[in-house]
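Work through the exercises below with the sequence and the structure at hand. Each task is followed by a solution in steps.

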Amino acid sequence: MLKIKLLRAWFVFLILIVLLLGFGFIQTKKTIQKALDNQIVLLNKTQPLHLTYDKLELSYLQRSFELTNVVLLQDSSYLDLNKLTPHTLINSIKVKNFKVLPLLINKKLDVDEFEVIGLEVVFKKGGLLEKRLTQKTKKKASSSSRNVLNQLSISKFKVSDFQIVHFDEKANDTINALKGDLLVVKDILFTGGPDKKVISIKTDDVVFELDQMSVTYGSIKDKISLSKGIMNLGTGYSKFRNLKLSDLNSLKKKVSNNTFTKSPGSFDISMVEVFGLDTSKLFKNFDLMADSVLIDNAKITILKDSNKPWNKSVTKPMPQQVLRNSNKEFWINKVLIKNSSLNYLEIINDKEVVINLEDVQSTILNLGTVKSKYNDLESPNIDVTISAKVFKELNFLLNLKLINPLHSNFFSFNGHTSSFNFESFNPVMVPSSSIKFESGRVLKIDFNGQGNETSTKGDFVMRYDNLKTIILRKDAMLTNKTFSWLANSAVRKENPKNGRLKTAQIDFNRIPYKGFGNYMVKSIESGLINSVYPFGKRTRKK
């Protein structure tokens with residue numbers, strides 16, 4: 001009898017366990033359904049969003065559930081047909097290893113992993129994507145707006161195979177598109193707002209991880225991409241690998257499509273690190289504030305077609321003017337560029353002139369503008385230091401200072417070079433002047449100057465010996481023997497000579513429709529020309 005009573009007791013106990021599990025399963029599913037149906041993604045009370053789905057599959061023992069054919073849409077009563085509206089479609093959402101008791105008792109959903117598979121967000125004007133909405137979905141979309149969950153905690157949020165596009169129905173084409181293989185966000189905490197209708201996100205411990213992302217934009221479908229990235233919102237540290245913008249083929253398409261001369265660029269950067277990023281200002285106002293940025297192994301290409309005319313009706317802004325005209329505030333205490341290169345390609349007639357800058361190292365201090373802080377005060381100078389090797393043998397250093405950039409266009413510069421052969425300068429001198437160097441050795445160049453938006457002035461000291469030049473006819477790349485003889489008769493073949501050192505003048509008037517890079521190169525080039533040209537502007541020093 002005792003054994004029978006024990007068996008009955010165990011049987012009743014098992015039935016209670018099954019009933020409790022069944023009740024827990026039903027209540028858990030109901031709670032999840034209720035939470036989903038009542039908009040756990042109500043992100044903005046002025047423009048509510050609705051999460052809808054076709055099917056919910058719950059595994060109580062594995063503490064997981066899956067949603068299929070998920071749609072996220074703006075409430076139709078708030079829909080403006082003339083504005084871009086996001087239409088979000090998701091193949092499935094898998095929630096793994098959630099805690100049951102906090103969900104049932106405290107309405108807190110704690111999740112180890114929240115995975116979104118096959119995400120598509122389409123920004124378009126007009127009505128909703130009717131083809132992807134069932135009657136069941138439409139009905140759910142009009143449910144109550146009361147928030148059911150008090151808290152949603154996600155240890156790991158994953159989005160795989162996703163794309164966000166801006167679609168133009170008139171052109172029947174995608175204007176911009178962001179695509180990626182994987183996005184991982186760690187340690188997300190959503191908490192109910194004061195009115196229990198808005199969910200806010202606490203970003204202190206959030207970490208973003210990116211894998212194989214790309215953005216396509218523009219009429220020629222230009223692309224910027226990266227292979228991997230990480231952003232820690234708590235520490236302000238970010239790291240991106242293999243960051244690329246465009247390529248030489250895209251640059252050539254841009255140049256061929258341009259009516260006027262322009263110099264588009266591309267880059268391929270192995271690594272970018274950002275330290276001390278103020279993520280709250282970044283996400284709130286899109287203001288970029290950071291302690292420092294490290295750019296390692298950047299390969300930059302600039303292409304210019306000199307056969308195209310200049311647009312003389314425009315005035316290119318100075319760097320200081322670009323900062324002052326910016327609608328956004330940004331500030332980076334220090335930018336460090338190392339182990340990089342710059343390839344400048346210029347198309348002249350049917351030829352490509354290539355100038356390669358190798359081993360580029362640069363430091364930029366106080367980059368940016370904070371108008372709210374320095375609007376009535378003198379703003380910190382922006383200091384730029386660049387060193388590189390050009391023509392395989394010429395090492396140079398350039399220091400540039402933008403003085404009080406929020407209130408002035410004034411700047412100063414200085415620099416020096418190593419020794420090199422005069423012939424190395426021919427790729428620069430021949431296209432822009434009628435001088436070609438046949439022989440000679442530069443021992444050293446020192447220069448300094450200052451300027452504003454109209455002109456530059458300064459000193460250029462070049463120590464050299466055994467100089468021989470020829471003068472080219474302007475109508476062809478042929479030697480003008482008469483002028484070459486006169487030039488070599490008049491030119492100073494060495495400096496210093498007989499103990500006397502000549503200093504040439506840097507003297508250049510800015511061409512307003514050309515950029516600041518051209519302004520700096522031509523300013524320094526004026527000192528070189530005045531050094532060797534028979535009638536160049538020079539002063540004599542003992």
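**Exercise 1: Valine 255**

Find the contacts of valine 255, leaving out residues up to four places away in sequence.

Solution. In this predicted model, valine 255 touches Pro264, Leu303, Asp305 and Lys308. Take lysine 308 next: valine 255 and lysine 308 are 53 residues apart in sequence, while their C-alpha atoms are 8.9 Å apart in space. Valine 255 itself belongs to helix H4, residues 248-257. Its relative accessible area is 5%; buried means under 20%, so valine 255 is buried.

**Exercise 2: Threonine 369**

Is threonine 369 buried or exposed, and which residues does it touch?

Solution. Start with the location: threonine 369 lies in strand S15, which covers residues 351-369. Its relative accessibility is 1%, so threonine 369 counts as buried. Beyond four places in sequence, threonine 369 touches Leu323, Lys328, Glu329, Phe330, Trp331 and Leu406.

**Exercise 3: Two positive phi values**

Where are serine 246 and asparagine 366 found? State phi for serine 246 and for asparagine 366.

Solution. Serine 246 is in the loop between strand S11 (237-245) and H4. Phi of serine 246 is near 60°, a positive value in a residue other than glycine. Asparagine 366 sits in strand S15, and its phi is also near 60°. For accessibility, serine 246 has 16% and counts as buried, whereas asparagine 366 has 22% and is partly exposed.

**Exercise 4: A peptide bond**

Which loop holds proline 496?

Solution. Proline 496 is placed between helix H9 (481-490) and strand S22 (501-509). The peptide bond from asparagine 495 to proline 496 is cis, with omega near 5°.

Conventions: Residues numbered from 1 in each chain as written. Predicted model: local features only at pLDDT ≥ 70, side-chain atom pairs only at ≥ 80, totals over all residues. Heavy atoms only, no water. Helix = DSSP H or I, 4+ residues; strand = E, 2+ residues; numbered from the N terminus. Buried < 20%, exposed > 50% of the residue type's maximum accessible area, 1.4 Å probe, protein only. Contact = heavy atoms within 4.5 Å.
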